[in-house]
Amino acid sequence: MSGRLATSYGQDMALLNTPAKRWWTLVLVVAAVALPFVLEDDLLVVLATAFVAAIGAIGLNIVTGYAGQVSLGHAFFLAIGAYTAAALSGDPDSTRLIGFGITSLPVWLLAAGLVAGLAGLIVAPLAARLRGLYLAVVTLGLVFIGEHVFKHWRDLTGGVGVGRPAAVPELFGLEFAVDGAMFTKAQKLYLLMFVLLVIFGVLARNLVRSRIGRALAAVRDRDLAAEVIGVDVTRYKMIAFAVSSFYAGVAGALLYVMIGFVEPGSFNLALSVQYIAMILVGGVATISGSVLGALFITLLPRLTRELPAVLPFVSSSSTAGGITVFQVEAILYGLLIIGFLIFEPRGLFGIWIRIRTYWKAWPFSH
Amino acid sequence: MNDLVATVVRGLGNGSIYALLALGFVIVYKSMRVISFAQPAFMMVGGLLVSYLVLSMNFFLAVVVALLLTGLLGAGVERLALRPMIGKPVFVIAIITLGVDIVIRTVVNSFIGVDIRQMGDPWGLKQLAVGGVTIDQRHLATLVTTLVVVAALFAFYRWSRTGLAMRAASSDQEVAQAQGVSVGAVFALSWALAAMLAGLAGVFLSTGIGLEQNLWLTALKALPVIILGGLDSLGGAVVAGLAIGVVEALVGNYGGSLSPVFGGDFFLVVPYLLMLLVLLVRPYGLFGTREVERI
């Protein structure tokens with residue numbers, strides 16, 4: 001192994017602690033910014049959705065990966081964020097729906113995060129009393145109760161099957177969700193979501209390498225031992241839930257901007273499981289893993305849609321015989337969760353680490 | 001009064017389905033300390049198999065054959081997806097069962113399609129009038145079957161050699177292994193039993209109303225049940241299952257005045273609300289054992 005000598009703790013914990021990391025980050029950022037001018041618009045929208053999902057996945061990873069509190073309630077917090085933002089930026093003259101007409105992106109984004117974070121704080125005391133799978137089931141209950149409330153609160157959500165327009169992204173007079181003179185809608189949304197992902201990613205990375213992050217890891221690894229060495233377990237569980245829900249709220253607010261439409265039936269258990277799958281496939285307790293996992297899971301439907309061209313027995317419509325792409329997608333998704341957990345528990349991030357270690361020592365791999 | 005009795009019987013009928021499902025969860029939890037999210041899938045498999053088998057044989061025979069097949073599937077899933085994970089964190093194993101659930105349910109759904117599949121059961125939607133109270137025959141049949149199954153299950157745990165082995169493995173795996181209990185076989189048997197119970201629940205759930213894709217959500221109602229009863233208490237699962245069934249039916253019938261505020265199908269979330277309330281007071285459910293913590 002090529003060694004690297006860190007002479008201080010700060011140096012060891014630095015974000016980009018090796019030249020290679022610095023260069024690769026630069027390359028990645030440049031590539032990501034260049035993409036909208038290369039790719040087609042529909043693919044850009046998928047990528048923008050993936051970036052938003054990554055923000056949500058980072059949130060789930062903070063509470064489940066770093067703090068070890070299994071939450072199946074992520075969909076609930078996503079919903080709170082989505083509806084806070086949609087209501088704030090909604091049309092104030094509408095007779096059917098609540099709306100305040102505040103379309104400024106930073107305002108509704110922060111508000112969505114804060115309201116969801118507050119909801120997280122309210123749930124947290126319950127979570128602090130429960131451990132392990134009891135908590136998982138309670139958060140699952142939260143999703144069902146939330147789904148029920150959102151389906152019936154028509155003034156806010158528009159009701160089942162009807163829905164309401166999502167938040168309108170606008171920043172200092174610049175509209176993101178319409179085609180402009182210089183950029184198309186997809187290009188603008190892609191760049192916006194990328195910038196937001198970088199901001200929230202770096203923030204999360206800084207959080208988890210700080211005192212709070214170490215406390216969360218201590219709570220995860222052995223809560224009793226953490227308490228003995230002076231970590232206030234209840235307090236840090238509450239912090240984890242609040243931060244995680246904040247991220248979920250932000251992601252929820254942005255998630256439906258691309259389609260421009262929110263339907264209350266979509267915030268169900270399947271959505272929570274999707275986020276769990278993201279962090280498991282990407283890598284538990286890593287920020288870059290959350291991003292990788294979110295990209296992978298969001299792009300998966302897009303990949304399976306190409307299958308009928310390659311495999312003749314897969315059909316693309318549900319009326320024709322044989323297996324449909326949707327079934328392939330659902331099965332793949334289940335198998336991926338099982339496969340990653342059995343064969344590569346550290347997820348995509350773990351695979352990357354293995355490749356990196358191999359090349360670090362190349363050609364003397366042992 | 002008659003209305004009340006009828007409602008309670010209906011609640012007990014639905015409640016026994018929850019109890020069957022909850023027993024499956026508890027059996028798996030007792031052997032592996034994991035909540036198996038694959039139970040809904042087994043429930044659907046049981047119902048689906050009966051709906052196909054009944055085309056060529058008697059209903060009761062179809063149920064027996066279907067349950068044996070479902071049990072085999074359960075044991076197979078345990079061997080393939082769960083056995084490699086022994087010793088891993090419970091969270092990871094629980095998520096694997098979620099993956100299993102997605103895979104099996106997708107396959108089941110492709111067989112169900114968009115139709116409602118009939119069970120071909122002898123009860124259908126026929127009703128029975130006892131002293132002015134009309135009750136669905138299927139609710140009665142469910143309740144009686146559940147009571148018989150529960151009694152058999154308790155006797156099995158209490159008096160049979162295998163039941164003893166399962167109890168031993170549940171209280172301490174290593175010691176049980178040292179005494180000659182095959183813990184692997186116990187895992188497989190637990191999964192088979194849990195799958196069969198879920199399958200039976202699936203059959204009774206779809207008698208009369210038929211089997212359709214969204215029915216799997218009912219299986220998740222067993223989760224508040226097991227939390228209420230305590231994850232490791234078989235008795236708790238039965239009591240809490242029946243209780244939740246009755247409360248749900250009562251709210252469904254008499255909660256009409258709540259519907260402007262909470263919506264007409266408010267009773268659907270009652271189990272979850274009940275669970276939250278009980279957990280605020282008793283974090284290990286009503287009958288669960290408090291976890292002993294060692295420093």
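Guide: Two residues are in contact if their C-beta atoms, placed from the backbone, lie within 7 Å. The model is predicted, so local features need pLDDT of at least 70 and side-chain atom pairs count only at pLDDT 80 or more, while totals for chains, interfaces and linings use all residues. Residues are numbered from 1 along each chain as its sequence is written, and chains are lettered from A and ligands numbered from 1 in the order in which they are written.

Visitor: What radius of gyration does chain B have?
Guide: The radius is taken over C-alpha atoms, and the globule rule is 2.2 Å times the number of residues to the power 0.38. The C-alpha trace of chain B spans about 60 × 50 × 35 Å along its principal axes. For 295 residues a compact globule would come out near 19 Å, and chain B agrees with 19 Å.

Visitor: What share of chain B counts as buried?
Guide: A residue is buried if 20 or more other C-beta atoms, placed from the backbone, lie within 10 Å of its own, exposed if 12 or fewer, and partly exposed in between. Of the 295 residues of chain B, the buried share is 50%.

Visitor: How many helices and strands are there in chain B?
Guide: Helices (H or I, at least four residues) and strands (E, at least two) are DSSP runs, numbered from the N terminus. For chain B the count is 13 helices and 2 strands.

Visitor: In which sense do β1(B) and β2(B) pair?
Guide: Two strands pair if DSSP finds at least two bridges between them. The two strands form a hairpin with 2 residues between them, and B:Gly131 in the turn has a positive phi of about 55°. B:Val130 has B:Val133 as its bridge partner in β2(B). Over 4 bridges, β1 (127-130) and β2 (133-136) of chain B pair in a sense that is antiparallel.

Visitor: Which helix of chain B gives the most to the side that touches chain A?
Guide: The contact takes 32 residues from chain B and 32 residues from chain A. On the side of chain B, α4 (90-112), α10 (222-229) and α13 (270-281) each supply at least two residues. With 13 residues, the one that gives the most is α4(B).

Visitor: How do the residues of that side of chain B divide into nonpolar, polar and charged?
Guide: Ala, Val, Leu, Ile, Met, Phe, Trp, Tyr, Cys and Pro count as nonpolar, Asp, Glu, Lys and Arg as charged, and the others, Gly among them, as polar. On the side of chain B that touches chain A the division is 27 nonpolar, 4 polar and 1 charged.

Visitor: Why is α10(B) largely enclosed by the rest of the structure?
Guide: Its buried residues, including B:Pro224 and B:Ile227, pack against α6 of chain A together with α1 (2-32), α2 (39-53), α9 (216-220), α11 and α13 of chain B. Just after α10(B), B:Gly230 takes a positive phi of about 100°. The helix is largely enclosed because its buried residues number 8 of the 8.

Visitor: Is B:Arg33 buried, exposed or partly exposed?
Guide: B:Arg33 is found in the loop between α1 and α2 of chain B. Its phi is near 60°, a positive value in a residue other than glycine. With 16 other C-beta atoms within 10 Å, B:Arg33 is partly exposed.
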